[in-house]
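Hi,

Have a look at the model first, then read on.

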2 protein chains.
Amino acid sequence: MTTMTAARITTPADRPAERPPMGLRERKKLKTRQAIRSATYTLVEEQGYDATTIEQIADRAEVSPSTVFRYFPTKEDIVLTDEYDEILLEELRARPADEPWMDSLRHVMHKALALGVTEEPEVSRLRARLGVEVPAVRARMVESMSAAGLLIRQAVADRTGLDQDGLEVRVFAMSLMGGLMEVSLYWAENGCEGELSDLMDRAMDVLEHGLPAGKPRGELRGKP
Amino acid sequence: MTTMTAARITTPADRPAERPPMGLRERKKLKTRQAIRSATYTLVEEQGYDATTIEQIADRAEVSPSTVFRYFPTKEDIVLTDEYDEILLEELRARPADEPWMDSLRHVMHKALALGVTEEPEVSRLRARLGVEVPAVRARMVESMSAAGLLIRQAVADRTGLDQDGLEVRVFAMSLMGGLMEVSLYWAENGCEGELSDLMDRAMDVLEHGLPAGKPRGELRGKP
DNA sequence: CATGAAATGAGAGTAACTCTCAAAAGTGTC
DNA sequence: GACACTTTTGAGAGTTACTCTCATTTCATG
């Protein structure tokens, strides 16, 4: 979807004739969705995640609490959900089939970071920080990683000929996800300083080739 | 009453030297703890996890709901917590310092499985099954894996000379944990058939050497 | 404008926690 | 055994995320 306008958070409906195939209803729904999101963001920045209740969010977004739950199944989803997943999935599919899939993954990860940063730079930080501070948010992050793991499994299976549901592929995909998740936590714990994409590259190196100094086999470890 | 379970956990026949320094208070605490646990196990087997409320658990364990929460911070912890962690930590520390740490880890994992199976064979299955079925339980499993990751980091740092809090070590530890977690899910999804330790070995092979057929670099992938 | 479909709001209900405070039970001392 | 002292427990009220239902409003359409 090219619903870029939806990402324009505070922009009122002042762009009349830009989307022919979208009725008033759909437009309102997007607006409500975004209103709930941005209400949550500001409230969480102001008072913290736990102190922010659904009722407050509903008030500030000028909807009823019922509506909030109609749009987002859980409080964590308000903070963590976005529309990039489909874009990234297409991006992954668009990679050449003979490209080493680890390179494909690298490419998609960079794309993901670029999207997140240019579109809403402060949201990336907020998410990473909440991932560190709030267990429930971290849990939800893991859950969505696990979903992403399914895609990785598919990509790996496609290009290696291994069974997508076999133990080996599953373990590998999940270990990848775990490693990438840790990057975000590391970034947030260190004050969100530095380029996240650099960290991501370092992490991918580890996941691809093992630890830098002492190899996984560990027999040659006397490295000062 | 379920005094049997408490006797099983303390096993006076096995460890005669542990008896003297435990007063009535401590003994009762252990008994209550175990009563809550076994009440939960049977109720969950009977009606499922979500259908089982804290009040029911408290009733069957013959304590008040307040007491349940005093012993376990969350409902998931009742199912997932045990006393093996310290044992395993000591086991890890007891490994020779020049052993490749991946081998150490392998050893400890096998010990963990052996403990869990001999002590309470059905609990391992229940946990694995709940991990698949109940998102909250899965989330809590990940959380405790993350805690275990800290130990892994220490072990890796000790033997490789790398920084325990550096990105590389953290990513590696977390990817390990993710992979091992997936083993349990895989096992449960396939009906808990076969030896869990065999699966664990296969997973460790993947984590140590990469995927079997197509190597991580992926350039030599034409393997039927 | 009328008619049907979809979105919303209001409210009641559930269950996992949290907090507080008074009663009860275990511990050490005389 | 009676005594203070500490720890554990139970009872109950309160919070909050989330669910369900139903009546009302709002959009779409012929």
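Let me start with one contact: B:Glu143 and A:Arg138 pair their side chains in a salt bridge, at 2.2 Å from N to O. By salt bridge I mean a side-chain nitrogen of Lys or Arg within 4 Å of a carboxyl oxygen of Asp or Glu. Before you go further, note that this is a predicted model, where local features need pLDDT of at least 70 and side-chain atom pairs count only at pLDDT 80 or more, while totals for chains, interfaces and linings use all residues. Residues are numbered from 1 along each chain as its sequence is written, chains are lettered from A and ligands numbered from 1 in the order in which they are written, and side-chain values use heavy atoms, with hydrogens and water left out.

**The interface**

Eight salt bridges turn up across the interface of chain A and chain B. There are also eight residue pairs in polar contact across it, both residues being at pLDDT 80 or more. A polar contact here is a pair of N or O atoms within 3.5 Å; within protein, one must be able to donate a hydrogen and the other to accept it, and residues adjacent in sequence count only if both atoms are side-chain atoms.

Helices are DSSP runs (H or I, at least four residues), numbered from the N terminus. For the classes, Ala, Val, Leu, Ile, Met, Phe, Trp, Tyr, Cys and Pro count as nonpolar, Asp, Glu, Lys and Arg as charged, and the others, Gly among them, as polar.

A:Leu167, A:Arg170 and A:Leu211 supply 16% of the area that chain A buries against chain B, more than any other three residues.

**Within chain A**

The whole structure has 28 salt bridges over all chains. One of them joins the side chains of A:Arg106 and A:Glu208 (2.8 Å, N to O). This pair links distant parts of the chain, helix H7 and helix H11, 102 residues apart.

The search used a 1 Å grid over the protein atoms alone: a cavity is a set of points where a 1.4 Å probe fits but cannot get out, a pocket is an open set with protein on both sides within 12 Å along at least five of seven lines, and lining residues have an atom within 4 Å of a point.

The largest pocket has a volume of about 1,500 Å³ (the space filled by probe spheres set on the points, which are joined across faces, edges and corners). Its lining has 43 residues, with B:Asp82, B:Leu88, B:Ala112, B:Arg127 and B:Met145 nearest the centre.

The second largest pocket holds about 1,200 Å³. H9(A) gives the most to its lining, with eight residues.

The largest cavity holds about 130 Å³. Residues from both chains line this cavity, including A:Met145, A:Gly178, B:Met145 and B:Gly178. The cavity lining has ten nonpolar, two polar and no charged residues.

Cheers

How values were computed:
Helix = DSSP H or I, 4+ residues; strand = E, 2+ residues; numbered from the N terminus. Buried area = accessible area lost by both parts, 1.4 Å probe.
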